[in-house]
Every structure is written in C-alpha cells, then in structure tokens.
Amino acid sequence: MSDVADPAVSQVVLIGVAAYRRLAPLPAARRNVTDLRDLLRSEDLWGVPEENVHVLTDPEDPAEVSRAIRRAAAATERDGLLLVYFAGHGLVDADDDNLILGLPGCDAEVPYERGVPYEWIRRAVADTRARRRVVILDCCYSGRAGAEMGGDSTGTDAVADKAETDGTCLLVSAPANRPAMAPRDEAYTAFTGELIRLLRDGLRPPPPEAMPPALTVHAIWRTVRRAMLRRGYERPELRARDAGGEISLVHNAAAPRHNLAGSVLYAAPWFVDDDLGQRVVLVLRHNQTGALGVCITRPEGDLPADFPASWRPLLRNPVMLFHGGPVAQDGYIVVTLLRAGVPKPLRFTPVRDRLGTMHLSGTPEDVSESVDAMRVFIGYLGWRSGELEEYLDRGALIASRHTSRQVFTERPGELWQSLQAGR
C-alpha cells in the first residue's frame, strides 16, 4: 500500500465538536476539521473530491454521526481509503468502561445519553469493503473520565486499547484533561496542529534517509509523536494490524515533483516575462524532454463561429476562448475535469487524476454524463528540458497548493491576485 489511495473512490468523514454546553468548549476543533478538509482536497496532497469529504461540525444527534460514517463506509470502494477523524472530548462510561465521543450536549456524568459510542464507529468502519481504513481520534478526557481509567497506563494507551479495530489503522491522542492540549493562543488543538503542519509542509528526513514520496500513517505518527514530546505533551499512540501502519495517507509535500503535469503554477510578483508575468498556468505535460502548458488567466474573446455549438453547454463560465500561449495557435485545446468516480471516456487524455484534455471528434452526448467542466484554449506554452524546474527553483514560478478547479474559476482575471494574497 505504498501508493496513495485513489481519491475518486475514497471517502472522508471529519467530525469536530467545539460548542460544548456541559464540558469545556474546544473552539480549535472547528478549525481542525475545516483546514484538514482543505488539505485532503488539495490535489498536491491527495485530491479527494468535494463530494467525498463530509464535515460534521457540532452535530447534536449521535445517530447523525453514525449514519454519515456508515454511508461513507458503504461508498468507499475496495481500492479507496476510508478516513474517519474526530476532534472533541472523549469520555469513558463509568459503568461499562466504553469509550464515548462527546457531542455538544454531552454530560460527563452520563456521557452515553448524548455521545457517540465508539462501538458504533468501529462497526461502521469494519463493514466497509475498502482495504485501507484509518481512524484518527483527537479527543481529551474530562478529569473524572481520566480518573476512572486508573492503573499505570496513560489515557492515550487506554483509549487506543478500547478503540482498536481489526483491519483498521488507528491513530489516537487522548490526554487526561490537560488544557494545554488545546492552547488558547493557537488555531488548532496541539495534536492536530502538528498533524496539519506535517501534511502542509511535508517530511524532510535527515540524511542518509531517503525522502519519502508519500506519508504513511506510521511516518505521520512517528513525526507527530516526536513533536508532541518536544512540547511536553502526552504521546499519541498508533494501533495497526496487517501492515496498516504502512497505509499511505497523502503525498509528501516536501518531496520533489518529478512530474509536474496537472500542477497550477503562478508567477512571482517580481517576475517580468511577456508570457508568464502576472499569469497562472496549468502544466499539461512534463517529462525528460520538457514541458508544455496553457495560461489559464487570459480570456481572449467569444468562441469563434466554427466552434461546435453542441459542445458549448459543457463549458464552464465564462464561456470564452482562452489564450493558452504563443505556440501552435491552429487548433483547440479543451481542458476537461471529469466527475468523480466515472470511467474515462475514449477521447479523454488524462493529465492528472480527473483532469485531462478532450478531443472533440465525437459527440457531446457520449461524454456529457462524465464531464464536470470544460474550458477551451488556443495555443500553448512550451519549455525545454529542465527549464520549468529552473523557474521553480528561482522562485519565479510558484506551485499552488490548491486544486485543479482553479483552472475553471469563473473569475480568471482575478486568479493571479488571489493566489498572491493567499501566500
């Protein structure tokens, strides 16, 4: 399982509970799930389609949480990955010692009344046909629940033991009611903050250890654990069977990209160039001989009269002809984004994941159910071998961390400025 799972057949459920009424509020939990969602949807990291990422913020009904996970488990295909994440309070039922994930109305005295029994999640995850299953719990105890655990084991060990599921890789942070685990002056809880930093910045191991192309759950646990210990926090625990720790969760953001095809690149403010200055480009092909791409921020005007009218309903607004570049302006390049989970049409040439180009020799009826968006370009940009890498190394071009949907923005003239502002 060294490769990252196919995002089109994967499912993610992110649950964050911030607004507790009877327990201490955890405002960072809301930011946890929204920023994790954005990272997992980034095509540079994983590229899970928007419709495959389900975010539940402050859900009141335990059954709502259970249903969301069961639906996601059923929708995840064998070669996909089912990821379930929870941030909030974790409680232990004093009567039967079961783990309860606290929802907003949860009471530490009777957590089973308004919380989600972890057994529900365990059963839902176990029922999926997916070979890759990962559960991440970033939950803390109330003081009473921590006292109930007793013994020499840490709260983290106890939660991990209770939540362990056959065939599922489980990563748990369960401090015993330590307020520092959700520092008030930080955007995230401590554990998820380290997780987000690792996903966003990538892993650069010291030499002679090789740069991993992807981040396995084991590598994530080891790196986050080291960071948590440095800060004096309780260590996270990993539970995995059948090499579950070797499941690759995302691409390593720090690893060099040998194939930039599908990347969105934008020019640095200081970079002066007739074709690239203050532009955003999409790389369509990249190999040892060089690269080619199209500028995605230069709408040129109305589509010419000879453009087939039957294809126009599939085009994303603004429905215009875009100036892709100065080379070979004698034909159309139709950049296309497919819907998630659909088979690739015969006339579709993949660039990366669901993004590619479409040949218009057929009829739109043959592909209309498969196409999410299309945009028409004339001409392209070309680079010799190594030239694109030189631009990136110099900082003249910057790789966007966002998804290929930027290619189809309805405000192409504002894209370069918005990317600059988001740096």
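Is T223 buried or exposed? T223 is buried, with a relative accessible area of 16%.

Figure 1. The chain has 423 residues, and buried residues make up 56% of them. Take the contacts between residues at least 6 apart in sequence: 72% of these join residues at least 24 apart. The mean pLDDT of the chain is 85. A score of at least 70 is reached by 88% of the residues.

**Figure 2. Helices α2 and α3 pack with their axes within 8 Å.** Helix α2 covers residues 62-75, and helix α3 covers residues 118-126. Their axes cross at roughly 15 degrees. Angles under 35 degrees count as roughly parallel, so α2 and α3 are roughly parallel to each other. Their crossing is right-handed. From α2, the contact takes P62, A63, S66, I69, R70 and A73. From α3, it takes W120, I121, A124 and V125. By class, this contact of α2 with α3 has eight nonpolar residues, one polar and one charged.

**Figure 3. Helices α1 and α6 come within 11 Å, axis to axis.** Helix α1 spans residues 28-41, and helix α6 spans residues 190-201. The axes of α1 and α6 cross at roughly 15 degrees. That makes α1 roughly parallel to α6. The crossing of α1 and α6 is left-handed. On the α1 side, look for N32, D35, L36 and L39. They meet T192, L195, I196, L199 and R200 in α6. Sorted by class, the residues of the contact between α1 and α6 are five nonpolar, two polar and two charged.

**Figure 4. Helices α6 and α7 pack at an angle of about 125 degrees.** Helix α7 runs over residues 217-230, and its axis lies 10 Å from that of α6. How are α6 and α7 set relative to each other? Given their angle, they are oblique to each other. The crossing of α6 and α7 is right-handed. Helix α6 brings A190, F191, E194, L195, L198 and L199 to the contact. Helix α7 brings I220, T223, V224, A227 and M228. The residues of this contact between α6 and α7 divide into nine nonpolar, one polar and one charged.

**Figure 5. T223 sits in helix α7.** This is the residue of the opening question. T223 counts as buried because its relative accessible area is 16% and the cut-off for buried is under 20%. Which residues does T223 touch, leaving aside its neighbours within four places in sequence? T223 is in contact with L198 and L203. Of these, L198 is one of the α6 residues that meet α7.

**Figure 6. Confidence in the chain is highest in strand β1 and lowest in helix α4.** Strand β1, residues 11-16, has a mean pLDDT of 98. Helix α4, residues 143-149, has a mean of 27. Where does pLDDT stay under 50? One stretch is residues 141-160, for which the model has 48 contacts beyond four places in sequence. Another is residues 175-180, with 16 such contacts. Where pLDDT is low, the predicted coordinates should not be read in detail.

Conventions: Residues numbered from 1 in each chain as written. Predicted model: local features only at pLDDT ≥ 70, side-chain atom pairs only at ≥ 80, totals over all residues. Heavy atoms only, no water. Axes fitted to C-alpha atoms, helices over the stretch in contact; angles between N-to-C directions. Helix = DSSP H or I, 4+ residues; strand = E, 2+ residues; numbered from the N terminus. Parallel < 35°, antiparallel > 145°, perpendicular 65-115°, else oblique. Left-handed = near helix turned anticlockwise from the far one by under 90°. Contact = heavy atoms within 4.5 Å. Nonpolar A, V, L, I, M, F, W, Y, C, P; charged D, E, K, R; others polar. pLDDT = per-residue confidence, 0-100. Buried < 20%, exposed > 50% of the residue type's maximum accessible area, 1.4 Å probe, protein only.
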